[in-house]
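My entries follow in the order I made them.

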Amino acid sequence: MTGVVETPVYQRGQLQQQQQDHLAEEVPVALVYNGISHVVMMCTPKDLTAFALGFSLSEGIIAAPSDIYSIEIQPNCQGIELQIELSSRRFSALKARRRAMAGRTGCGVCGVEQLADIFRNVTPLPFSQRFSVAQLDQALPQLRQLQPIGELTGCTHAAGWLSPQGQLLGGCEDIGRHVALDKLLGVRAKQQWQAGALLVSSRASYEMVQKAAMCGVEMLFAVSAATSLAVEIAERCQLTLVGFTKPGRATVFTHPQRIVD
């Protein structure tokens with residue numbers, strides 16, 4: 001299976017007997033735009049074309065899938081490169097953004113300039129969708145179907161897309177929750193899924209909310225908790241954020257008007 005390797009292990013109480021177990025692969029993946037390396041992420045090496053598309057959308061590098069002309073996956077001895085060919089207009093904008101960030105120092109989130117770089121300008125979302133929390137009960141067990149690597153290794157997060165009727169249309173897994181989300185956003189763009197909601201197996205941090213909002217997602221359901229900054233950004237961009245999503249339970253943090261109880 002892609003993304004899984006076998007390794008010899010010794011179990012407690014059986015230290016004299018070697019057994020085989022499974023590990024999720026963790027591989028450095030570089031996103032290279034028009035020949036210029038932009039970022040390196042640690043990923044599970046599957047659904048990488050969807051990752052390239054979803055990351056480009058959620059980071060505001062492109063506005064639509066048509067802004068990418070081609071994506072090539074190029075393995076090498078150090079990892080994997082995703083060679084992404086952008087339209088000239090989008091590449092010029094990316095270069096301008098990189099120049100604006102060049103030479104800045106600090107801990108990353110200290111000071112007004114760094115904070116301005118971290119938070120994207122997200123257009124407030126419309127209130128065009130509704131979702132019944134009762135439909136979550138049938139969708140939650142289906143998250144495991146998205147995690148064949150996780151079933152073997154216990155080492156992945158999942159992100160799935162729910163139809164307005166609560167059907168799990170598809171999703172992706174990865175060792176990183178942000179990468180799983182980017183992969184799902186790429187699949188969603190390819191499939192042109194618009195109506196519905198996002199369900200993730202992890203907590204909801206500010207990056208998860210920001211990525212979802214950048215792609216026009218109006219509702220984000222997280223199995224675990226939400227952070228204070230995630231709630232603040234969700235409130236600001238008019239995204240409905242729901243945490244502690246379990247069978248029979250859900251905590252709505254922002255914009256409950258989309259939720260049908």
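I took helices (H or I, at least four residues) and strands (E, at least two) as DSSP runs, numbered from the N terminus. The model is predicted, so I kept to its cut-offs: local features need pLDDT of at least 70, side-chain atom pairs count only at pLDDT 80 or more, and totals for chains, interfaces and linings use all residues. Residues are numbered from 1 along each chain as its sequence is written, and side-chain values use heavy atoms, with hydrogens and water left out.

Entry 1, glutamine 129. I found glutamine 129 in the loop between helix H3 (112–118) and strand S7 (131–132). Is glutamine 129 buried or exposed? I scored burial by relative accessible area: under 20% is buried, over 50% exposed, and partly exposed lies in between (1.4 Å probe, protein chains only). Glutamine 129 comes out at 15%, so I noted this residue as buried.

I then listed contacts, meaning heavy atoms within 4.5 Å. Leaving out residues up to four places away in sequence, glutamine 129 touches Gln194, Ala195, Gly196, Glu218, Met219 and Arg258. Its side chain reaches the backbone nitrogen of glycine 196 at 2.6 Å. A polar atom of that side chain also lies 3.3 Å from the backbone oxygen of glutamine 194.

Which residues of helix H8 (residues 228–237) are buried? I noted Ala230, Ile233, Ala234 and Cys237. They cover an arc of only 100 degrees around the axis, which puts them on the same side of H8; the arc is that of the directions from the helix axis to the C-beta atoms. An α-helix has 3.6 residues a turn, so residues three or four places apart point the same way. The buried residues of H8 pack against helix H7 (206–214) and strand S12 (240–246). Just after H8, I read a positive phi of about 65 degrees at glutamine 238.

I counted two aromatic pairs, with rings of Phe, Tyr and Trp (its six-membered ring) pairing if their centres lie within 6.5 Å; planes under 30 degrees apart are stacked, over 60 edge-to-face and the rest tilted. One of them joins phenylalanine 131 and phenylalanine 221, tilted, at 5.3 Å centre to centre and 50 degrees between the planes. This pair links distant parts of the chain, with phenylalanine 131 in strand S7 and phenylalanine 221 in strand S11 (residues 219–222), 90 residues apart. Phenylalanine 131 is buried at 1% relative accessible area, and phenylalanine 221 is buried at 0%.

Methods
Polar contact = N/O pair within 3.5 Å; in protein donor to acceptor, adjacent residues only side chain to side chain.
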